[in-house]
Amino acid sequence: MFLIKMQIIDSQKSLLKMSAQLDLLLAKINQQYQLDFYQPWRRIDSLNAECITHKGIYVLEIIDKCRFSLTDMNVRFGVSFVERLGDGTFNISKAITLADSALDILNQHDDYGNATIQFNFDTKNSFEKMINESLRMCDFIISRWRKSQADLVSYLLLNYGYMDTFVQKDIAEVLKLSPQNLNQQLKNSGYYNLIRMKRELTVILEQYRRSV
């Protein structure tokens with residue numbers, strides 16, 4: 001299982017409005033992925049929330065749906081693996097510590113504010129580094145988007161997740177874009193490359209879960 005901890009770094013909204021928006025989002029995500037959670041999203045305090053997923057296949061998609069729903073907030077995510085102990089129980093306390101440590105790493109080494117996700121498996125090996133460096137590359141691409149590109153990709157991620165089988169003509173009509181403009185924005189944003197990278201990372205995470 002994987003523990004995801006979300007931390008709000010700052011927001012332009014008041015604490016009351018921010019809390020209301022966050023509660024609505026977490027309830028929506030909990031409903032949408034209810035079969036995939038061991039422990040659904042729950043608020044720890046006004047700036048932190050955490051959840052535990054059964055598998056690795058939706059970890060990044062859940063994170064992206066959160067981050068692209070909270071574009072007016074600066075959010076970061078620490079992710080750890082929840083080990084099963086010899087007696088069959090799960091070492092959740094260690095997973096929380098590792099996720100907190102992942103967030104500390106982001107706060108100390110944030111790649112000029114671009115990095116938003118850090119995995120901590122307590123290994124520091126090439127596997128863990130490969131995942132984190134791949135995610136930092138994805139975040140670097142996202143940081144280069146124009147607003148129109150960010151709005152387009154946000155719409156696609158929030159409505160289709162990591163599926164790229166949508167009909168471009170239909171999306172263009174909804175967003176009131178010409179098919180040519182939509183296609184050009186998708187190419188310029190690197191959308192398909194980004195989605196393919198995230199999907200491959202989810203496969204790797206699921207393979208890791210099954211192997212330990």
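This is a predicted model: local features need pLDDT of at least 70, side-chain atom pairs count only at pLDDT 80 or more; totals for chains, interfaces and linings use all residues.

Residues are numbered from 1 along each chain as its sequence is written, and side-chain values use heavy atoms, with hydrogens and water left out.

**The sheet.** Start with the strands (DSSP E runs of at least two residues; helices are H or I runs of at least four, and both are numbered from the N terminus). Five of them form an open sheet in the order β2-β3-β1-β4-β5, with mixed pairing; strands pair if DSSP finds at least two bridges between them. Now pick 37-43 and 117-120: these are β2 and β5, the edge strands, and each has a single partner, so one side of each lacks a neighbour in the sheet.

**Inside it.** Select 2-11 and 73-81, which are β1 and β4, running antiparallel and joined by nine bridges. Ile8 has Val75 in β4 as its bridge partner.

**A helix.** Next, select 15-32: α1 lies across β1, β2, β3 and β4, at about 170° to β2. Contact here means heavy atoms within 4.5 Å, and angles run from 0 to 180 degrees between N-to-C directions of axes fitted to C-alpha atoms, for helices over the stretch in contact.

**The cysteines.** How many disulfides are there? Zero in the whole structure, counting cysteine sulfur pairs within 2.5 Å. Click Cys66: its closest cysteine sulfur, in Cys51, is 7.3 Å away, too far for a bond. Finish at Cys138, whose nearest cysteine sulfur, that of Cys66, is 17 Å away.
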